[in-house]
Amino acid sequence: MAMAQLPQDLIEEILSWLPVKSLMRFRCVSRTWNSLIFQAHFVKLNLQRSSRNTHVLLRCQINTVFEDMRDLPGIAPCSICSLLENPSSTVDNGCHQLDNRYLFIGSCNGLVCLINLVARGEFSEYRVWFCNLATRIMSEDSPHLCLRSCNYKLWWYQVKCGFAYDDRSDTYKVVLVLSNIKSQNWEVRVHRLGDTHWRKVLTCPAFPILGEKCGQPVSGTVNWFAIRKLGFDYEWETVTVDQLVIFSYDLNKETFKYLLMPNGLSQVPCGPELGVLKGCLCLSHVHRRTHFVVWLMREFGVENSWTQLLNVTLELLQAPLPCVILKPLCISEKGDVLLLANYISLKFILYNKKDNRIVYTQDFNNQVPMSSHDYIQSLVLPYGN
């Protein structure tokens with residue numbers, strides 16, 4: 001009776017501050033609440049008021065115990081606090097196994113994007129799905145992108161993809177960067193969540209795009225590590241530091257530009273990787289075969305805002321040469337503690353910047369974290385309004 005006397009706008013104000021898990025339970029309270037919780041204005045309000053940088057989504061490789069089975073893909077939404085306390089158990093308990101036909105593209109505002117490639121004779125089809133892990137709602141099959149196989153390099157290692165939110169048009173977009181064999185150009189194809197088609201939005205001269213096939217989403221752009229030279233082919237030994245750039249595709253303007261490396265990068269880094277930490281573009285690499293370095297672009301697109309977050313010896317990280325594969329997975333709220341992954345020793349490393357010490361190392365279990373992505377629980381629906 002007391003709730004019935006509260007004004008509707010006050011009820012909406014109170015509910016908008018609650019976590020998604022609670023809101024999903026409260027749908028059962030009444031038809032009015034059930035209808036309200038998925039209305040577009042309420043979804044945006046709840047997203048705006050949700051805590052940022054408290055969770056990450058780890059793309060995992062699930063190691064099987066059977067010799068005749070391949071390792072399986074998985075994703076694990078994790079609390080950063082839990083990861084810093086006990087990473088192995090947190091990843092194991094939160095991991096969702098994926099069908100191995102699907103490739104995880106990325107996560108944005110609680111939505112997860114998956115894609116798979118289906119060969120049909122002389123044609124190949126890309127199919128995209130969207131899902132919300134918090135609400136357990138998945139989209140229906142989206143429109144296919146059908147391409148003649150002989151015209152493009154379509155194997156997964158030859159294709160670059162990304163998923164991000166365009167805040168200026170309030171839309172979620174999937175990006176495919178395809179190499180056209182005949183024209184020797186990159187073609188950018190875009191699918192907008194809720195549309196019934198794909199669009200070819202950009203063609204540009206070929207240049208090598210390196211590293212992870214999935215681009216990093218930051219501030220309405222998708223970003224890949226690249227070399228500023230013509231052609232698809234290159235020899236890493238001949239690349240100079242001045243040729244290293246970040247290929248940044250703008251979702252709203254449908255244009256691209258090159259972002260420069262940090263000023264402090266004096267030579268070609270070893271094993272450079274792009275990522276996102278606390279909403280900022282992140283570059284990690286080995287420097288002079290002695291140190292592991294992490295940079296953050298504090299203000300996206302402003303090249304002078306590159307800040308060195310970490311510079312620690314490989315000896316301290318217990319990562320001796322010649323093989324070093326390290327990645328940052330998450331960072332504490334104060335920015336003084338980082339969780340790293342060592343893919344040679346198969347261990348988590350918790351590093352305290354303030355004290356310059358290793359807090360602990362912990363073995364990976366069956367779920368190996370391959371990459372880390374910003375994540376937030378939301379009510380965003382995995383289909384167009």
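How many bridges join strand 19 to strand 20, and which way do the two strands run? The legends below start with that pair. This is a predicted model in which local features need pLDDT of at least 70 and side-chain atom pairs count only at pLDDT 80 or more, while totals for chains, interfaces and linings use all residues. Residues are numbered from 1 along each chain as its sequence is written, and side-chain values use heavy atoms, with hydrogens and water left out.

**View 1. The hairpin of strands 19 and 20.** Strand 19 (residues 270-277) and strand 20 (residues 280-287) run antiparallel, joined by 6 bridges. Strands here are DSSP runs of E with at least two residues, helices are runs of H or I with at least four, and both are numbered from the N terminus; two strands pair if DSSP finds at least two bridges between them. Look for L274, which sits opposite L283 in strand 20. There are 2 residues between the strands, and K278 in the turn has a positive phi of about 50°.

View 2. Strand 1 (residues 55-62) and strand 2 (residues 72-79) share 8 bridges in the antiparallel sense, and H55 faces S79 in strand 2.

View 3. In helix 6 (residues 87-94), the buried residues are P87, S88, T90, V91 and G94. Buried means under 20% relative accessible area, exposed over 50% and partly exposed in between, using a 1.4 Å probe and protein chains only.

**View 4. Around C113 in strand 5.** C113 belongs to strand 5 (residues 111-120) and is buried, at 0% relative accessible area. Leaving out residues up to four places away in sequence, C113 touches L103, F104, I105, G106, V128, W129, F130, F163 and V174. G162 is 49 residues apart from C113 along the chain, yet their C-alpha atoms are separated by 8.9 Å.

**View 5. Aromatic pairs.** The whole structure has 14 of them. Rings of Phe, Tyr and Trp (its six-membered ring) pair if their centres lie within 6.5 Å; planes under 30 degrees apart are stacked, over 60 edge-to-face and the rest tilted. Y102 and W129 have ring centres 5.1 Å apart and planes at 65°, so this pair is edge-to-face. Y102 is in the loop between strand 3 and strand 4 (103-108) and W129 in strand 6 (residues 123-132), so the pair ties together parts 27 residues apart in sequence. W129 counts as buried, at 11% relative accessibility. F348 and F364 are also edge-to-face, 4.7 Å centre to centre with 75° between the planes. F348 is buried at 1% relative accessibility, and F364 is buried at 10%.

Key:
Contact = heavy atoms within 4.5 Å.
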